[in-house]
Amino acid sequence: MADTATPTVIRRADYAPPAFLIDTVALEFDLVPERTVVRNTMRVRRNPDAAHAAHFELMGEQLEFVSASIDGTPHSAVRTHEHGLSVDNVPDAFELTLVSLCNPTENTTLSGLYVSSDNFFTQCEAEGFRRITYFLDRPDVMATYTVTLRADKAAYPVLLSNGNLLDEGDLPDGRHFARWEDPFRKPSYLFALVAGKLVKLEERVRSGSGKEKLLQVWVEPHDLDKTRHAMDSLINSIRWDEQRFGLELDLDRFMIVAVGDFNMGAMENKGLNIFNTKYVLANPETATDTDFANIEAVVGHEYFHNWTGNRVTCRDWFQLSLKEGLTVFRDQEFSADMAGGATDEAARATKRIEDVRVLRQMQFAEDAGPMAHPVRPESYVEINNFYTMTVYEKGSEVVRMYQTLFGRDGFRRGMDLYFKRHDGQAVTCDDFRHALADANGRDLAQFERWYSQAGTPRVTVSTHYDAAQHRYRVTLSQGYGDAAPTARETQKGPLLIPFAIGLIGANGADLPLRLEGETGASGTTRVLEFTQTEQTFTFVDIAEKPLPSLLRNFSAPVIVEYDYSAEELAFLLAHDSDPFNRWEAGQRLATRELLSLAARAATGASLQLDDSVVNAFAQVLTDETLSPSFRELALMLPSETYLAEQMPESNPAAVHTARQFVRRRLAEALKNDWLAIYERHQTPGDYEATPDAGGHRALKNLALAYLAELADPADAVRLAGAQYDAANNMTDRAAALSALLTAATAGDGRRAQEALEDFYRRFEKEPLVIDKWFALQATQRGSAQRPVIDIVRALMSHPAFNLKNPNRARSLIFSFCAANPAQFHAEDGSGYAFWADQVIALDALNPQVAARLARSLELWRRFTPALREKMRGALEKVAAQVKSRDVREIVEKALG
Ligand code: TRP
Ligand code: ZN
């Protein structure tokens, strides 16, 4: 943690290859919680492709230096400093042995080597390896590793590291050892070790080429009953990568380990993935359908990194999206294939809609604020702050656009060429683009702008129908609107936007498409290659004035502006053959209504909702030809956060009033439909974690949530109470509890209180469920008499609350600050004062987690003046007190 006045800015343009290379690393650990000894022996040589350096500079943090020797002889020309170690008088090639100490018990940052529940774990990405030993801790230094672990056998019976187990055995004094070897060269950020009292679920499978593979999921003993789904997800991931990309597991053994204290979701260490328990542990009693889906996605994500990230890695951290954007794309496709195969478009669309919701709500917001950056950033202060929605989610959209342009087969050809060229290398986003371009015989120079330009592009559409000539003209123009200043600097010219479009006739059917100059019509969805600032596409043989279905399946991460009437949107919602755009039409309709209501609410005017809007949603709700999961998504209104960002000045209170008004209107107008749906979509019998059963539960529980909005919530309380008591799965139990909490704002809260107490007692020993218990309370509605901030502050003193555990901190603090906007943005500034206290407290324990929380105020300039001033005050308070580079980068950019 450096606390210099002017933080060092790292720039992409300054990249230089390392002066030395490290070919092999032999690590020996004597694992003791307060005082672990690490002996590190490296084979080092000068890099023939780099300028001569006088010293060998190694990075190191929070280490105590013990000794150095070169080629077996003690070496004294060594100097430790703030950032590591300098070794003088080195030959051109040599073996360097360094011995150092670290203190895993005191390590609350969860980066490097740390202790959690009395077990040892590591987290090295991005720059944690230097907290374990002195090293050239940068991804373009790739070495093979041999690791020897020694520890007390009773306390740490299991000793794991990357690769294959070479040897194990007993040592004197009750200790034992294990020696591991990873045959693949890797960057230091993929190193891992685990030691402790763990048990495993294990399975042997055969890979595509017939080799036997040992798969293990390691957890604490009481969690063994929650490992089946993670194992199934791993087996499915292995199969999928073979079938879709021809990529096979390259090690004989693949391990997943779950840990309760973890900064993010999971980590793709070679052969030894380490996971947040939240993305491993599940059984029907403790995990929701969403949890099951997330586990499948994250297990897939980390497994897919074995090729996209590990076999081919990043040259430097500016290239992070090379592995993350690509691997998110792969996990999204995996989940879509698992739900709907290659052909069930409706089932695939459910996943697509969920992913686009996240992108629009989170990444578009990032692009609009002070942290806006390109998919391949130009500079950073703390790399941990750049594991962002832009790098991951927009990065995935950029990869998806190659597939949209070249088709699945063309994309596969590009991937094949990428691995043929770069297996075993540390490369750049340009290398990936060149592989895709060359495999498809295309020049993708313009496409590079997707990597270098920040901000969300806006595509404005105008259309003209020539009834006499049967021609339909579509004019597209692109720009960025009034982008954030940090984004504007990066914007140099028009993008290559794959713009998928369909034209719909009056009977609701798609029209065959023929562009001017083509010999005949083909297909009903066309991907236009939109490359100019303004460009016109003319469709011919169009016998009637069509309704355009724009940006089908969200073919590019852009905002589309087109003047649809409310009737046209209702028509698209009822008829568009593209399921994504059907949903999109409903969202546009709802967003437009909600924003105009919010504008009225801001002035205290009375609110009204047109019957036509209610009817459009009623039609979707009761259309039994539509899948339950689609209907659930269509009836879920845009979030308060998203809506507030669409206002000229964000006004969370007005948005809340407007959205609540619409929810109650829909609840009342459709009450009988909600009740009927609640009955019709029950899933009696044993719990099934299938998309189909999950869809029924989702729609049924949406009905319950709407019923809880009624002015008289008696029905909801009765139904939710019964559902709570009878539930055989967490999806239904948590939904019932949530409905009871909502109903408590209108009725009396006794039933909700009873259920909350029961929930706690029932799941006291399940930390992931207790996280839900905190989160449900932090995100509840609240009222003037019972502001949620009071509840949250009281829960901070609950014996089960623990600021050092990131999942717990997120469940209470982040849930309140980022997922309860109406309460967090209370006029009196109480939410911001709470936020400041927690950022400051976390800063001293875990800068990565603190910096994430710090980001919840970054859009402060976009709020109404009264809130804006209070937010600025809280930011200034934090800026004056925090020490970590992580949090300072965030608050300084925000105040900038
Ligand atoms: N590479 C990991 C992934 O996306 C994420 C990651 C980066 C991470 N840094 C981390 C996880 C720090 C935990 C802690 O799959
Ligand atoms: Zn990843």
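Here are some friendly notes on this predicted model and the ligand it holds.

1. Some ground rules come before the tour. Residues are numbered from 1 along each chain as its sequence is written, and chains are lettered from A and ligands numbered from 1 in the order in which they are written. Local features need pLDDT of at least 70, side-chain atom pairs count only at pLDDT 80 or more, totals for chains, interfaces and linings use all residues, and side-chain values use heavy atoms, leaving out hydrogens and water.

2. Start with the overall layout: domain 1 (10–291), domain 2 (315–452), domain 3 (458–571) and domain 4 (764–896) make up the division of the protein, with bounds from an automatic or database domain assignment. Between the C-alpha centres of domain 3 and domain 4 there are 42 Å.

3. Where does ligand 1 lie? It lies between domain 1 and domain 2, because both give residues to its shell.

4. Around ligand 1 there are 15 residues, each with a heavy atom within 4 Å of it. Glu125, Glu268, Glu302, Glu324 and Tyr392 come nearest.

5. Now for polar contacts with the ligand (pairs of N or O atoms within 3.5 Å). A polar side-chain atom of Glu324 is 3.1 Å from a nitrogen atom of ligand 1. Oxygen atoms of the ligand lie 3.4 Å from a side-chain N or O atom of His301 and 3.5 Å from a polar backbone atom of Ala266. The protein covers 98% of the 370 Å² of accessible area that ligand 1 has on its own (Shrake-Rupley method, 1.4 Å probe).

Definitions and conventions: Polar contact = N/O pair within 3.5 Å; in protein donor to acceptor, adjacent residues only side chain to side chain.
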